[in-house]
Amino acid sequence: MQRSQKAFNIPNVVVALVGVFVLVHAYRYFLSPAQDIGVLLRYAFIPLRIAEGFATSLPGGAGALVWSFVSYMFLHADWVHLLVNSVWMVVFGSVLARRFGATRFILFSLLCAAGGAALHLAARWGDVVPVIGASAAISGQMAGAVRFIFNPPGAINPMALPVRPSYGEPPTSLRAVFRNPQALIFLGVWFALNLLGGVG
């Protein structure tokens, strides 16, 4: 008898990471407004925290100078924000996690989150507005996935089973990516959505 296949093929590490997002947001849902603000001030990325002499006056003190570069990715503004980020991570994170393995996937995602925070810091030095959400990590996952999801003979469906052999192929060179019409359309839509989100 043939064994039935799953409708979705989401790597365990992606399920676990999304699960952590949900648990963190559910925990915050039951906090009082004052307690939730305390969580944001301690774990969100706040450029003003980096300003000289201001770190110790915020919750988390000097330690938050380090952990807030990645801890902010586990906080979300509301359930819609969480849902959108979770869906994008399931789609593109699954592709990357299957190729990288759990440990490399987590390290890569944290590095992308830290890079996003550093870029925001450079652009908005001293800003008081907290930064939250996994968007920087997901953007890094999307950028990593674009190196091979458009490999011939076409785009890979990250949810499909069985896993296509393309996942084991070498990544496409950056030159080839920028010559691929599918990749260019994808990148154009991606940048447009980010621009609209930022402006909105």
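Mentor: Start with a single residue and its surroundings. This is a predicted model. Leaving aside neighbours within four places in sequence, N85 is in contact with H76, G133, A134, S135 and I138. N85 is part of helix α5.

Trainee: Is N85 buried or exposed?

Mentor: N85 has a relative accessible area of 6%, and the cut-off for buried is under 20%, so N85 is buried. Its side chain makes a polar contact of 3.2 Å with the side chain of H76.

Trainee: What should I expect of nonpolar side chains?

Mentor: In soluble globular proteins, they tend to be buried together. Here, the largest nonpolar core has 31 residues, and V14, F21, F45, M89 and F105 are those with the most contacts inside it. Helices α1, α5, α6, α7 and α9 each supply at least two residues of this core. Helix α5 gives the most, with seven residues.

Trainee: Which residues does F45 touch?

Mentor: Not counting residues up to four places away in sequence, F45 touches S68, F69, Y72, A117, H120, L121, V129, P130 and V131. There is also a second, separate core of nine residues, which includes V39, L40, A44 and I46.

Trainee: Which nonpolar residues form a patch on the surface?

Mentor: V22, Y29, F30 and W79 do, with about 490 Å² of accessible area together. F30 sits in the loop between α1 (12-29) and α2 (33-43).

Trainee: Why is F30 called exposed?

Mentor: The cut-off for exposed is over 50%, and F30 has a relative accessible area of 70%, so F30 counts as exposed.

How values were computed:
Residues are numbered from 1 along each chain as its sequence is written. This is a predicted model: local features need pLDDT of at least 70, side-chain atom pairs count only at pLDDT 80 or more; totals for chains, interfaces and linings use all residues. Side-chain values use heavy atoms; hydrogens and water are left out. Patches are made of residues with over 30% relative accessible area and no salt bridge: like charges are joined within 9 Å, nonpolar side chains (Val, Leu, Ile, Met, Phe, Trp, Tyr) within 5 Å. Accessible areas come from the Shrake-Rupley method with a 1.4 Å probe; for residues, only the protein chains shown count as cover. A salt bridge is a side-chain nitrogen of Lys or Arg within 4 Å of a carboxyl oxygen of Asp or Glu. Helices (H or I, at least four residues) and strands (E, at least two) are DSSP runs, numbered from the N terminus. Buried means under 20% relative accessible area, exposed over 50%, partly exposed in between (1.4 Å probe, protein chains only). A nonpolar core is a set of buried Ala, Val, Leu, Ile, Met, Phe, Trp, Tyr and Cys residues joined through side-chain atoms within 4.5 Å. Contact means heavy atoms within 4.5 Å. A polar contact is a pair of N or O atoms within 3.5 Å; within protein, one must be able to donate a hydrogen and the other to accept it, and residues adjacent in sequence count only if both atoms are side-chain atoms.
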